[in-house]
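I opened this entry to record what I looked up in the model. The sequence and structure come before my notes.

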Amino acid sequence: MKISVDTGKCVSSGQCVLLAPETFDQNEEDGTVVLLAEEPPAGERDAARQAELTCPAAAIRLAEA
């Protein structure tokens with residue numbers, strides 16, 4: 001699984017960080033998403049999928065490798 005984020009679309013809601021804190025963080029200056037792991041660990045994949053579905057701006061994209 002590969003993750004990509006579009007910081008230009010991000011509205012800084014922070015849902016991704018709450019759902020998958022090992023994969024996502026927020027920029028301290030503007031709150032936009034920061035991708036910590038382009039390929040999340042196996043135990044974090046379901047949370048990353050949920051973050052993609054929950055993102056109000058559709059700024060997170062997951063693709064199966």
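Is Cys 10 buried or exposed? I found 19% relative accessibility for Cys 10, which therefore counts as buried (under 20% relative accessible area; exposed is over 50%, partly exposed in between; 1.4 Å probe, protein chains only). I looked up Cys 55 as well, and at 17% relative accessibility Cys 55 counts as buried.

I note the basis of the entries: this is a predicted model, in which local features need pLDDT of at least 70 and side-chain atom pairs count only at pLDDT 80 or more, while totals for chains, interfaces and linings use all residues. Residues are numbered from 1 along each chain as its sequence is written, and side-chain values use heavy atoms, with hydrogens and water left out.

I then checked for disulfides (pairs of cysteine sulfur atoms within 2.5 Å) and counted zero. Cys 10 is in no disulfide, the nearest cysteine sulfur being that of Cys 55, 6.3 Å away.

For the fold, I recorded two helices and four strands (DSSP runs numbered from the N terminus: H or I of at least four residues for helices, E of at least two for strands). Along the sequence the pattern reads β-α-β-β-α-β.

I also looked up the overall dimensions. The C-alpha trace spans about 30 × 20 × 15 Å along its principal axes. Buried residues make up 35% of the 65 residues in the chain. Of the contacts (heavy atoms within 4.5 Å) between residues at least 6 apart in sequence, 54% join residues at least 24 apart.
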